[in-house]
Amino acid sequence: MARVPAWALGLAPLALIAAVVAAFALLGGPGLSDRNGPPVEDLTFERTVLRPGEIELSLRNDGPDPVRVAQVSVNDGFVDFQADQREIGRLGAEKLTIPYAWIEGEGYDIVLLTSTGETFEHDIPVAVETPATDSGFFGLMALLGVYVGVIPVALGMLWLPFVRRIDARWVRVLMALTIGLLAFLAIDAIQEGVQTALGGSQVFGGAALVFLGALASYLVLAGIESFMTAREERQRAAGTGGAYLALLVAIGIGLHNLGEGLAIGSAYAVGALALGTVLVIGFAIHNTTEGLAIVAPLADRPPGIRRLIVLGLIAGAPAILGALIGATAFNSNLAALLLGAGAGAIAQVIQQLVPAIRDESGRALHAGSIAGILAGLVLLYMTSLLVSV
């Protein structure tokens with residue numbers, strides 16, 4: 001064995017595994033095809049599109065067996081439908097087009113009957129025409145993203161002159177406030193991600209995607225942080241280390257706003273977004289606090305206007321992308337993954353901020369930091385009550 005190359009020793013187990021799998025496949029998977037009982041069917045409704053005189057349903061087969069849609073009923077009446085292929089294989093997706101003269105504002109109960117007699121129900125509480133994805137629609141989504149993401153963050157960054165003039169002890173309190181704000185955003189992202197995942201297809205992992213996304217983004221940011229450690233030390237020696245922390249905060253908030261934009265866009269696409277005074281004020285106040293979280297690390301030596309603009313765009317502009325994705329190609333699995341990624345990134349940012357709140361004795365949890373963290377949690381909780389989607 002000492003004469004065998006190391007690479008060959010590493011490949012030998014893989015070759016044996018491949019041989020076993022190939023033999024199993026050539027034998028037709030003995031024992032797997034002998035399952036008794038009826039087929040196991042599971043259909044998930046991923047998206048509903050309403051056009052004048054037409055209902056379009058996007059389906060995915062979450063079960064282990066193929067599903068054949070035999071009949072469709074709307075409000076207890078059987079209707080015709082069209083599909084490229086009525087049988088949907090495992091993990092397969094299909095669109096059903098139902099010619100139906102629906103009435104705006106009314107509710108509809110749709111039932112799919114499969115060839116085995118299994119039924120799957122889908123409820124449309126309030127029928128609203130799905131907006132056409134033309135240039136005006138994309139412009140509106142971009143405007144919503146700018147309003148709920150870019151503008152509030154920019155307004156919050158106007159607190160920078162105030163942050164520069166206060167005592168160092170109060171700067172630590174503001175940094176703790178930032179941790180509280182970010183902690184609330186992380187909790188909110190996980191909650192929204194789990195709810196989104198449970199409401200869609202489970203075959204790709206469901207709620208597990210939220211935690212996988214969180215772990216992946218945490219590790220990626222940790223790798224970036226490790227790579228930039230030497231640069232950070234040089235910046236701190238030059239008195240500019242706060243810019244690095246501000247960048248991390250902006251990235252974490254940006255990923256969270258990406259998930260927020262997904263929610264806004266998908267809600268608008270189905271007519272569930274209440275564009276009223278309460279929504280406008282709610283998002284403006286809620287996201288303005290994110291700007292404060294970005295400028296808090298810049299108390300010692302703030303950057304120039306150009307860098308501040310970049311930080312604001314990193315934090316706020318993802319809401320535009322999220323709104324466009326959510327309104328045109330919303331997918332519950334993708335949304336759950338991105339919301340989880342936002343939570344993981346925020347967790348990494350919080351870890352980076354902890355040293356900045358330590359007092360002269362090296363304690364991270366002291367009276368000032370605890371008060372700041374609790375204030376951040378309460379502040380975002382109160383402003384979140386103003387948001388109505």
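The chain exposes about 19,700 Å², and carbon and sulfur atoms supply 64% of that area (areas here come from the Shrake-Rupley method with a 1.4 Å probe, and for residues only the protein chains shown count as cover). The model is a predicted one, so local features need pLDDT of at least 70 and side-chain atom pairs count only at pLDDT 80 or more, while totals for chains, interfaces and linings use all residues. Residues are numbered from 1 along each chain as its sequence is written, and side-chain values use heavy atoms, with hydrogens and water left out.

The secondary structure comes to 12 helices and eight strands; helices (H or I, at least four residues) and strands (E, at least two) are DSSP runs numbered from the N terminus. Of the 389 residues in the chain, 44% are buried, where buried means under 20% relative accessible area, exposed means over 50%, and partly exposed is in between (1.4 Å probe, protein chains only). Looking at contacts (heavy atoms within 4.5 Å) with a separation of 6 or more, 75% come from residues 24 or more positions apart.

Strands count as paired if DSSP finds at least two bridges between them, and β3 has several partners to go through. With strand β7 (residues 108–114), β3 pairs in the antiparallel sense over five bridges, and Val-74 stands opposite Ile-110 there. Three bridges join β3 to strand β4 (residues 77–79), again antiparallel, with Gly-77 as the bridge partner of Val-74 in β4. Then there is strand β5 (residues 87–88), joined to β3 by two bridges and running antiparallel to it; here Arg-68 stands opposite Glu-87.

Ser-73 itself counts as buried because its relative accessibility is 9%. Leaving aside residues up to four places away in sequence, Ser-73 touches Phe-78, Val-79, Asp-109, Ile-110 and Val-111.

Most residues other than glycine have a negative phi. β3 and β4 form a hairpin with two residues between them, and Asn-75 in the turn has a positive phi of about 50°. Asp-76 lies in the loop between β3 and β4, and its phi is near 70°, a positive value in a residue other than glycine. With a relative accessible area of 74%, Asp-76 is exposed. Leu-91, in the loop between β5 and β6 (93–99), also has a positive phi, near 70°. Leu-91 counts as partly exposed, at 33% relative accessibility.

On to the charged side chains. The structure holds six salt bridges, a salt bridge being a side-chain nitrogen of Lys or Arg within 4 Å of a carboxyl oxygen of Asp or Glu. One of them links Glu-46 with Arg-60, whose closest N and O atoms are 2.8 Å apart. Because Glu-46 lies in strand β1 (residues 43–51) and Arg-60 in strand β2 (residues 54–61), this pair ties together parts that are 14 residues apart in sequence. Glu-46 is partly exposed at 22% relative accessibility, whereas Arg-60, at 14%, counts as buried.

Arg-51, Glu-54 and Glu-56 are linked in a network of salt bridges. Glu-56 counts as buried at 11%.

Aromatic pairs are quickly told: a search of the whole structure finds one. The rings of Tyr-100 and Tyr-108 have their centres 5.7 Å apart and their planes at 80°, so the pair is edge-to-face. For the cut-offs, rings of Phe, Tyr and Trp (its six-membered ring) pair if their centres lie within 6.5 Å; planes under 30 degrees apart count as stacked, over 60 as edge-to-face and the rest as tilted. Tyr-100 counts as partly exposed, at 22% relative accessibility, while Tyr-108 is buried, with a relative accessible area of 4%.

Finally, the surface has a nonpolar patch formed by Trp-7, Leu-11, Leu-14, Ile-17 and Val-21, with about 560 Å² of accessible area together. Patches are made of residues with over 30% relative accessible area and no salt bridge, with like charges joined within 9 Å and nonpolar side chains (Val, Leu, Ile, Met, Phe, Trp, Tyr) within 5 Å. Leu-14 sits in helix α1 (residues 6–26) and counts as exposed, at 52% relative accessibility.
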